[in-house]
Amino acid sequence: MIKFRDIADDDPALDHSRLLKAMENAFDYAATHDGIGLTQTKAFNRKFAHWMADHSPWPRQD
C-alpha cells in the first residue's frame, strides 16, 4: 500500500506542482466568473474547458 506523507503548505516543492497551479487557475476562474458552468450531464461547460486548455500549466503539444 502507498503511504502518503503530509507536507507543509509552504513546502517549496509545491511551487513546482502543475496540478496545484491548475487547481488555483480553476478556483480563480470560478471566483471571477461566479462559478464554473456545467452541462446537463454535469461535465464542465465548453467555455471553461476551452479557457482551461489555454491557461493550463502543462506544455503544449504542437
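In this predicted model, a helix is a DSSP run of H or I at least four residues long, and helices are numbered from the N terminus.

**View 1. S56 sits in the segment after α2.** Now look for R46: S56 and R46 are ten residues apart in sequence, and their C-alpha atoms are 15 Å apart in space.

**View 2. Helix α1 covers residues 18-32.**

**View 3. Helix α1 has a buried side.** Which residues of α1 are buried? They are A22, N25, A26 and Y29. Seen down the helix axis, these buried residues fall within an arc of 95 degrees, so they line one face of α1. Here's a handy rule: an α-helix has 3.6 residues a turn, so residues three or four places apart point the same way. Part of the cover over the buried residues of α1 comes from α2 (46-55). On the face turned away from the buried side, you'll find the exposed residues F27 and A31.

**View 4. Four residues make a nonpolar surface patch.** L19, M23, F27 and W58 together form this patch of about 460 Å². W58 belongs to the segment after α2, and its 42% relative accessibility means it counts as partly exposed.

Methods:
Residues numbered from 1 in each chain as written. Predicted model: local features only at pLDDT ≥ 70, side-chain atom pairs only at ≥ 80, totals over all residues. Heavy atoms only, no water. Helix = DSSP H or I, 4+ residues; strand = E, 2+ residues; numbered from the N terminus. Expected span 1.5 Å × (residues − 1). Buried < 20%, exposed > 50% of the residue type's maximum accessible area, 1.4 Å probe, protein only. Arc of directions from axis to C-beta. Contact = heavy atoms within 4.5 Å. Patch = residues over 30% accessible without salt bridge, like charges linked within 9 Å, V, L, I, M, F, W, Y side chains within 5 Å. Areas by Shrake-Rupley, 256 points an atom, 1.4 Å probe, with all protein chains shown as cover. Salt bridge = Lys/Arg side-chain N within 4 Å of Asp/Glu carboxyl O.
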